[in-house]
Amino acid sequence: MTEAEDSPKPAPDVEALEQEGEIAADYLEGLLDIADIDGDIDMDVEGDRAVVSVVDIKGVDLTGPAGEVLEALQELTRLAVHRQTGERSRLMLDVGRYRERRRVELTKIGSAAAHDVKRSGEPKALQPMTPFERKIVHDAVAAAGLRSESEGEEPRRFVVVLPV
């Protein structure tokens with residue numbers, strides 16, 4: 001084990017993460033006002049990242065096909081946070097509980113792929129996914145007792161589930 005692996009991770013700075021969430025919420029409120037979109041914003045801290053959710057949006061799709069608009073909004077929001085704090089942000093943005101629903105779906109995909117690999121003994125490659133999506137699949141595969149790797153180059157990077 002390396003020294004970095006031996007030393008415990010420092011506790012997240014909750015106050016700084018809350019500040020990230022507030023900056024992100026202000027930025028998103030401004031965007032929603034400009035676009036004349038009604039929505040409420042919730043802020044939270046989960047683990048080592050700020051989480052901002054736009055909820056109760058009526059009649060507007062801010063997620064886009066396969067979450068593409070959501071990913072773009074998240075990057076713009078992270079840039080706005082970076083501009084004010086000078087620090088790289090790992091903020092997670094959700095709109096209309098899209099990520100929550102997607103997490104459930106991806107956990108099922110990862111578990112099913114692990115089941116298939118256990119049964120067949122052959123590796124299984126999945127469709128390309130975003131880093132957020134791959135992380136959830138990797139976690140589901142690990143929970144099933146198998147291992148997985150990411151292969152390929154962005155934006156076509158994908159998970160391969162491997163037999164034991």
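The following conversation goes through a predicted model of a protein chain.

Biologist: How many helices and strands does the protein chain have, and in which pattern do they follow along the sequence?

Modeller: The secondary structure of this predicted chain amounts to 5 helices and 6 strands.

Biologist: What share of the 164 residues in the protein chain is buried?

Modeller: A residue is called buried when its relative accessible area is under 20%. Of the 164 residues in the protein chain, the part that counts as buried is 35%.

Biologist: Is threonine 77 buried or exposed, and why?

Modeller: Threonine 77 sits in helix H3, and, leaving out residues up to four places away in sequence, threonine 77 touches Ala24, Tyr27, Leu28, Leu91 and Leu93. The relative accessible area of threonine 77 is 0%, and the limit for the buried class is under 20%. Because of that value of 0%, threonine 77 is classed as buried.

Biologist: Is aspartate 38 buried or exposed, and why?

Modeller: Aspartate 38 belongs to the loop between helix H2 (14-34) and E1, and, apart from neighbours within four places in sequence, aspartate 38 is in contact with Asp56, Ile57 and Lys58. A residue counts as exposed when its relative accessible area is over 50%. Aspartate 38 has a relative accessible area of 62%, and therefore aspartate 38 is exposed.

Biologist: What distance separates the C-alpha atoms of aspartate 38 and valine 60?

Modeller: Along the chain, aspartate 38 and valine 60 are 22 residues apart. In the predicted model, the separation of their C-alpha atoms is 9.2 Å.

Biologist: Which element gives the most residues to the lining of the largest pocket?

Modeller: The largest pocket holds about 690 Å³ of space. Of the 27 residues that line the largest pocket, the closest to its centre are Arg49, Met92, Arg99, Arg103 and Phe132. Among the elements that give two or more residues to this lining are strand E1 (40-46), strand E2 (49-55) and helix H5 (131-143). With 5 residues, the element that gives the most is H5.

Biologist: Which helices each supply at least two residues of the lining of the largest cavity?

Modeller: The count of cavities of 30 Å³ or more comes to 1, and the largest cavity has about 40 Å³ of space. Its lining includes Ala66, Leu70, Arg99 and Phe132. The helices that each supply at least two lining residues are H3, H4 and H5.

Biologist: Where is the cis peptide bond that involves proline 155?

Modeller: Most residues other than glycine have a negative phi, and most peptide bonds are trans. Proline 155 has its place in the loop between strand E5 (147-151) and strand E6 (158-162). The cis bond, with omega near 0°, runs from glutamate 154 to proline 155.

Biologist: What value does phi take in aspartate 56?

Modeller: Aspartate 56 lies in the loop between E2 and H3, and aspartate 56 is partly exposed, with a relative accessible area of 47%. Phi is positive here in a residue other than glycine, with a value near 55°.

Biologist: And what value does phi take in arginine 97?

Modeller: Arginine 97 is placed in the loop between E3 and H4, and arginine 97 is partly exposed, with a relative accessible area of 41%. Phi of arginine 97 is positive in a residue other than glycine, with a value near 60°.

Note on methods: Residues numbered from 1 in each chain as written. Predicted model: local features only at pLDDT ≥ 70, side-chain atom pairs only at ≥ 80, totals over all residues. Heavy atoms only, no water. Helix = DSSP H or I, 4+ residues; strand = E, 2+ residues; numbered from the N terminus. Buried < 20%, exposed > 50% of the residue type's maximum accessible area, 1.4 Å probe, protein only. 1 Å grid on protein atoms, 1.4 Å probe; cavity = no way out; pocket = protein on both sides within 12 Å on 5 of 7 lines; lining within 4 Å. Points joined across faces, edges and corners; volume = space filled by probe spheres on them. Contact = heavy atoms within 4.5 Å.
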